[in-house]
Amino acid sequence: MGETSLLLGAALALVCASSSVAIGLTRKLHTEGDQAGLFCALLGFAITAAAGASIALPGAQSALLWLSQAAQFLALPLIAAAALALSRSWTWSRPNWGRILLGLCAFFELFRQMHQLDNYRLLISVISLLLIVYAGAVQWPRRMPALLGVASAGLLLLAGLSAANRLNPGLISANNLTLLLLTPASALLARLLVILPGQRKPE
C-alpha cells in the first residue's frame, strides 16, 4: 500500500480508538439499561479502529479483509442499533444485545453461504444509515443531533459508494477516498452517540 493509504488508515484508527474511549466514558453516565448498548457501540468503533490499524501497520494486511468485513457487517449495525435505543431511551437487556450480536453473525454466515454478501451489505448498510438519521431526527427541535445524524450518514453513504467504485473524482484512489470519508464520519457518529439522551444517572 502507498504512504497515503497508511496515513489515512492510521488516522481512521486514531479517530475510532478515541471514539471508543469517549463511548467508554459516556457509559459511566448512563444507567445499567443503556450500558450494554453503549458497549456494543464501543465494540463497533474498536473493530473499525482495528481495521484502520491493519492498513497502517506493516504485516497486518492479512487481517484486513476479515476486519473490513467485521466493520461493514457488524460494527455499523451495532452502532446504529445503539443510536436507535439511546434516541428513544429504550432499555434493552444484555441478553437482547447478545441476541442482536449473534443474529448479525448468523445472517452474515447465511448470506455468505448463499453467495449474496453484496446484496446483504447493501441491505444492512441502508438500514443502518436510516437508523442513524432517525436517531438524530427524533431529537428535534434539538438541532445538533439531527445535523450529526444526517452528516455522519451522508459521509458513510459516500464512503460506501466510493468502496463500490461508484464515486470517482479522479484525484484520489477509491480506497483512499473511502478512508478519507470514513474518518470524519466516525467522529461525527461518536459525537451523536455521546449527546443522545438515553437514560442517564441522576447528577
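1. How do the residues of the lining of the largest cavity divide into nonpolar, polar and charged? In this predicted model, that lining consists of seven nonpolar residues, two polar ones and one charged one. The residues concerned are Gly33, Asp34, Gly37, Leu38, Ala82, Ala85, Leu86, Trp90, Trp92 and Trp97, and the elements that contribute two or more of them are α2 and α3. Helix α2 gives the most to this lining, with four residues.

2. The largest pocket has a volume of about 1300 Å³ and is lined by 41 residues, with Gln72, Ala159, Gly160, Ala163 and Thr178 lying nearest its centre. Two or more lining residues are given by each of α1 (3–27), α2, α3 (64–88), α5 (117–137), α6 (143–163) and α7, and the largest share, nine residues, comes from α3. By class, the lining of the largest pocket divides into 25 nonpolar, 13 polar and three charged residues.

3. The second largest pocket holds about 180 Å³ of space, and its lining is made up of Ile47, Trp66, Gln69, Ala70, Phe73, Leu74, Leu104, Cys105 and Phe108. Here the elements that supply two or more residues are α3 and α4 (94–113), with α3 giving the most, namely five residues. The lining of the second largest pocket has eight nonpolar residues and one polar residue, while no charged residue takes part.

4. Turning to the packing of helices, the axes of α1 and α7 come within 9 Å and cross at roughly 10 degrees. On the α1 side the contact is made by Thr4, Ser5, Leu8, Gly9, Ala11, Leu12, Val15, Cys16, Ser19, Ala22, Ile23 and Thr26, and on the α7 side by Asn176, Leu179, Leu180, Leu182, Thr183, Ser186, Ala187, Ala190, Leu193 and Val194. The residues of this contact of α1 with α7 divide into 14 nonpolar and eight polar, and no charged residue is among them.

5. Helix α7 (residues 174–195) also packs against α2 (residues 32–56), where the two axes come within 12 Å and cross at roughly 160 degrees. Because that angle is over 145 degrees, α2 counts as roughly antiparallel to α7. The crossing in which α2 passes α7 is left-handed. From α2, the residues that take part are Ala41, Phe45 and Ile55, and they meet Leu179, Ser186, Leu189, Ala190 and Leu193 of α7. Sorted by class, the residues of the contact of α2 with α7 are seven nonpolar and one polar, with no charged residue. A reader comparing this point with the previous one will find Leu179, Ser186, Ala190 and Leu193 of α7 in the contact with α2 and again in the contact with α1.

6. A further pair to look at is α4 and α5, whose axes come within 8 Å and cross at roughly 145 degrees, with α4 passing α5 in a right-handed crossing. In this contact Leu104, Phe107, Phe108, Phe111 and Arg112 of α4 meet Leu117, Tyr120 and Ile124 of α5. The residues involved in the contact of α4 with α5 are seven nonpolar and one charged, and no polar residue is counted. Leu104 and Phe108, which belong to this contact, are also listed in the lining of the second largest pocket.

7. A cis peptide bond, with omega of about 20 degrees, joins Trp140 and Pro141, and Pro141 is placed in the loop between α5 and α6. The other detail is Ser89, which has a positive phi of about 55 degrees although it is not a glycine, and which is found in the loop between α3 and α4.

Methods:
Residues numbered from 1 in each chain as written. Predicted model: local features only at pLDDT ≥ 70, side-chain atom pairs only at ≥ 80, totals over all residues. Heavy atoms only, no water. Axes fitted to C-alpha atoms, helices over the stretch in contact; angles between N-to-C directions. Parallel < 35°, antiparallel > 145°, perpendicular 65-115°, else oblique. Left-handed = near helix turned anticlockwise from the far one by under 90°. Contact = heavy atoms within 4.5 Å. Nonpolar A, V, L, I, M, F, W, Y, C, P; charged D, E, K, R; others polar. 1 Å grid on protein atoms, 1.4 Å probe; cavity = no way out; pocket = protein on both sides within 12 Å on 5 of 7 lines; lining within 4 Å. Points joined across faces, edges and corners; volume = space filled by probe spheres on them.
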